[in-house]
Every structure is written in C-alpha cells, then in structure tokens.
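This report goes through selected helices, a pocket and a set of single residues in turn.

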Amino acid sequence: MATHLKNLSDFSNTEIPSAAPYRFGIVVAEWNAEITNALYQGAYQSLVSNGALAENIFSYQVPGSFELTSGADLLLQKGGLDAVICLGCVIQGETRHFDFICDAVAHGVSNVSIKYSKPVIFGVLTTDNQQQAIDRAGGKHGNKGDEAAITAIKMAALAETLNS
C-alpha cells in the first residue's frame, strides 16, 4: 500500500527482462495532459532503458481515459504488437462520473487483453485530487508510467516463454 514516504516505482528487487525483442503500443489519454504526458515520458524512457528499440514503440493519443480501451483494441487489430500500455488519469470530482469511467476502463482494458491474448497494461491513475496524480506521475511516489512499462516487458516475456 502506498504511504506518504514510499516510491512505488522501485524495481531494484526484481529482474527485468530485455525489451529488445518486443514491439509495444502506448495509448495515452489527452485529458489531464500534464499528468498523462509525464506518465508517457516515464513509460517510454523505461522501455528504451530496458532495451526496447525506438522504432518498436508505437504511440497514439486518444481523447480521454474512457477511449483507452478502444485505442488498445484498434492497435491490436493491426497485429504485430507484443503488449499495449494504456496511460490515463481520472481525478475524483463531485459526481459519480469518476466511478463509471474508472470501472469501464479497468474492465475494458482487461477485456481487450483477453480478446487478443496479449498483455494490455492498466497504467491509469485514479486519484482523489491533482496532487495525488502529480505524486504518482514522476513525483514522490514514482511514476506509474514506469511501472506500466516494466509490467508490459515482463508480461511480453512471459507470453513468449509460455508460447514457445
């Protein structure tokens, strides 16, 4: 569980396979762009730092977090990707809209992953306020984009292992 002193993006205790053999899609929500751009930078840099070739990373924007599912589905329809990373940010407001969007995106990402038997990674912040989002998009709690990229690498490697 996150605490006010914990960086959640510490991977020093785990082995990360090389990302070199894999092709990744990244779908980024334009809504809350300050946050989602930071998530994207974290994910992209983590992929490259772990061996992914820039020409094997395909990045696309969608209007908001709700559209991440559709964006991931469209990317996987094209084929040739080993994993898709979905990055977004939904901040609690005064209405139940937050609950509906978060629930729909979580289920949608999972369903697309199952539909294509490919890793589709949920890199969506669901925070109570802007500061919590900042803290998790490169702030004191790390960067959820980094975490999503490492998860994508590990899942692509697992899929390769199980399919060989």
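## An exposed phenylalanine

Phe100 is exposed, with a relative accessible area of 52%. In this report, buried means under 20% relative accessible area, exposed over 50%, and partly exposed in between, computed with a 1.4 Å probe on protein chains only. Phe100 belongs to helix α3.

## Basis of the model

The model is predicted: local features need pLDDT of at least 70, side-chain atom pairs count only at pLDDT 80 or more, and totals for chains, interfaces and linings use all residues. Residues are numbered from 1 along each chain as its sequence is written, and side-chain values use heavy atoms, with hydrogens and water left out. Helices (H or I, at least four residues) and strands (E, at least two) are DSSP runs, numbered from the N terminus.

## Helix α5 and its cap

Helix α5 covers residues 144–163, which is 20 residues. From first C-alpha to last it reaches 28 Å, close to the 28 Å expected at 1.5 Å a residue; the expected span is 1.5 Å times one less than the number of residues. The buried residues of α5 are Gly145, Glu147, Ala148, Ala149, Ile150, Ala152, Ile153, Ala156 and Ala157. An α-helix has 3.6 residues a turn, so residues three or four places apart point the same way. The buried residues of α5 pack against β1 (24–29), α1 (33–49), β3 (83–91), β4 (120–127) and β6 (142–143), where contact means heavy atoms within 4.5 Å.

The N-terminal end of α5 is capped by Asn143, which has a side-chain oxygen 2.6 Å from the backbone nitrogen of Gly145. Asn143 sits in strand β6 and is buried, at a relative accessible area of 7%. The Asn143 side chain also reaches the backbone oxygen of Ala38 at 3.0 Å. A polar contact is a pair of N or O atoms within 3.5 Å; within protein, one must be able to donate a hydrogen and the other to accept it, and residues adjacent in sequence count only if both atoms are side-chain atoms.

Ser46 is found in helix α1 and is buried, with a relative accessible area of 11%. Leaving out residues up to four places away in sequence, Ser46 touches Asp146, Ala149, Ile150 and Ile153.

Ala157 is part of α5 itself, and its relative accessible area of 12% makes it buried. Apart from neighbours within four places in sequence, Ala157 is in contact with Pro17 and Tyr22.

## Helix α2 and strand β1

Helix α2 (residues 68–78) has Leu68, Thr69, Gly71, Ala72, Asp73, Leu75 and Leu76 as its buried residues. These pack against β1, β2 (57–62), β3, α3 and β4. Just after α2, Gly79 takes a positive phi of about 80 degrees.

Gly25, in strand β1, is buried with a relative accessible area of 0%. It touches Phe58, Leu75, Leu81, Ala83, Val84 and Ile85, not counting residues up to four places away in sequence. Gly25 and Gly80 are 55 residues apart in sequence and 9.7 Å apart in space, C-alpha to C-alpha.

## The largest pocket

The largest pocket has a volume of about 230 Å³. On a 1 Å grid over the protein atoms alone, a pocket is an open set of points where a 1.4 Å probe fits, with protein on both sides within 12 Å along at least five of seven lines; lining residues have an atom within 4 Å of a point. A volume is the space filled by probe spheres set on the points, and grid points are joined across faces, edges and corners.

The lining has 14 residues, of which Trp31, Cys89, Val90, His97 and Ile101 lie nearest the centre of the pocket. At least two lining residues come from each of β3 and α3 (97–116). The lining divides into 7 nonpolar, 6 polar and 1 charged. Here Ala, Val, Leu, Ile, Met, Phe, Trp, Tyr, Cys and Pro count as nonpolar, Asp, Glu, Lys and Arg as charged, and the others, Gly among them, as polar.

Asn32 has a positive phi of about 60 degrees although it is not a glycine. Asn32 lies in the loop between β1 and α1 and is partly exposed, at 22% relative accessible area.

Ser117 is not a glycine either, and its phi is positive, near 50 degrees. Ser117 is in the loop between α3 and β4 and counts as exposed at 64% relative accessibility.
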